[in-house]
Amino acid sequence: MARKRKQNSSGKQGVMPVMRADAAGIDIGATEIFVAVPPDRATEHVRSFPTFTQDLYALADWLKQCGVKTVAMESTGVYWIPLFQILEERGFEVYRVNARHVKNVPGRRTDVSDCQWLQFLHSVGLLRASYRPEQEVCAIRSLLRHRESLVPMAARHTQIPGIRTGIAQTLFGEIGPDRSKFRSASAFSSWMGLCPDNEISGGRVLWVGTRKVNCRAATALRMAAQSLHHSKSALGDFYRRMRAKLGAPKAITAAAHKLARIIFHLVTTHQEFDDRHFAADQLRFHKHQLAKFRAKARALGFQLMPLEHAPSMVS
């Protein structure tokens with residue numbers, strides 16, 4: 001069932017300077033799409049359209065008639081994809097925005113519909129587009145997703161422990177080769193929902209954990225992380241330490257997070273994976289383990305010593 005929208009005139013939302021005078025806002029539902037353009041562009045500046053293909057093209061035609069050049073749309077499902085592609089083909093600059101970011105912007109009036117609020121925020125430059133690869137990469141991604149449902153993934157490994165050929169192909173199909181749109185490894189990991197997050201209200205922390213994100217790239221990295229259980233590499237040691245400390249589910253997320261950061265570094269620096277970079281971490285962990293065992297031995301009245309210094313046992 002389509003959500004009801006008030007179509008009252010938005011008027012002036014505030015005194016913020018307009019950065020995108022040709023901006024429109026679109027709120028997409030399962031059966032109906034609500035669109036708002038600047039009030040001076042049309043007598044009826046808020047309209048609704050059905051979701052059939054011919055209606056999507058009619059929506060694009062109306063935006064052209066109104067002189068719109070950039071569009072912000074909000075949708076939490078998959079209904080945005082056909083309209084996004086049509087608008088991009090027509091030459092519009094399309095922002096698909098995160099509903100969480102829109103919700104966190106203060107100052108919304110109660111008589112303004114969702115599409116009007118999106119139009120205002122986009123016109124004053126307060127919205128940030130969610131990452132979406134280029135169309136060529138999306139086409140490859142569609143092919144790889146289809147392949148995934150038909151052909152079992154290859155079992156041989158690539159350079160990074162746990163990253164099989166199929167997983168590497170999935171990562172390329174979902175993200176593409178360009179990581180420049182992510183400002184850092186942390187932003188890349190956050191986009192996949194692999195890094196810690198929290199929810200704060202009134203200065204109190206209400207929730208801490210990883211966000212639930214429907215991301216095939218993150219799923220692929222979790223599969224890679226789980227396969228590290230029997231790996232004799234440094235990454236395998238890291239996974240087993242996290243598993244003993246946090247349990248399997250959190251260990252998988254932690255290892256997937258580490259893999260994401262490693263991949264980001266390798267792609268952005270054009271370097272090959274070298275397991276020797278983890279030698280310092282391994283040495284630090286072994287020293288920590290040795291100190292812990294010595295402390296336990298002292299607590300029980302014993303003393304640890306290397307095997308080469310231990311007295312020979314005579315029967």
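Reply: What follows covers the ring pairs, then the charges over rings, then the nonpolar cores. The model is predicted, and the count of aromatic pairs comes to 6. In one of them, the ring centres of tryptophan 80 and phenylalanine 84 are 5.4 Å apart with the planes at 80 degrees, so the pair is edge-to-face. Both residues belong to helix H2 (residues 80-89), where they are 4 residues apart, about one turn of the helix. Tryptophan 80 and phenylalanine 84 are both buried.

Phenylalanine 182 and phenylalanine 188 also form an edge-to-face pair, because their planes are at 70 degrees, with the ring centres 5.3 Å apart. These two phenylalanines are buried as well. Ring pairs join Phe182 and Phe188 with Trp191 and Phe264 in a cluster.

Two rings have a charged residue over the face. Arginine 47 lies over tryptophan 62, 5.0 Å from the ring centre, and lysine 258 lies over phenylalanine 238, at 4.7 Å from the ring centre.

As for the nonpolar packing, the largest core has 36 residues, of which Ile160, Met192 and Leu221 touch the most other members. Helices H6 (165-175), H7 (185-191), H8 (216-226), H9 (234-246) and H10 (248-269) each give two or more residues to this core. H10 supplies the largest share, 10 residues. Leaving aside residues up to four places away in sequence, isoleucine 160 touches Leu235, Leu259, Ile262, Ile263, Leu266 and Phe273.

How values were computed: Residues are numbered from 1 along each chain as its sequence is written. This is a predicted model: local features need pLDDT of at least 70, side-chain atom pairs count only at pLDDT 80 or more; totals for chains, interfaces and linings use all residues. Side-chain values use heavy atoms; hydrogens and water are left out. Rings of Phe, Tyr and Trp (its six-membered ring) pair if their centres lie within 6.5 Å; planes under 30 degrees apart count as stacked, over 60 as edge-to-face and the rest as tilted. Buried means under 20% relative accessible area, exposed over 50%, partly exposed in between (1.4 Å probe, protein chains only). A charge sits over a ring if NZ of Lys or CZ of Arg is within 6 Å of the ring centre and within 35 degrees of the ring normal. A nonpolar core is a set of buried Ala, Val, Leu, Ile, Met, Phe, Trp, Tyr and Cys residues joined through side-chain atoms within 4.5 Å. Contact means heavy atoms within 4.5 Å.
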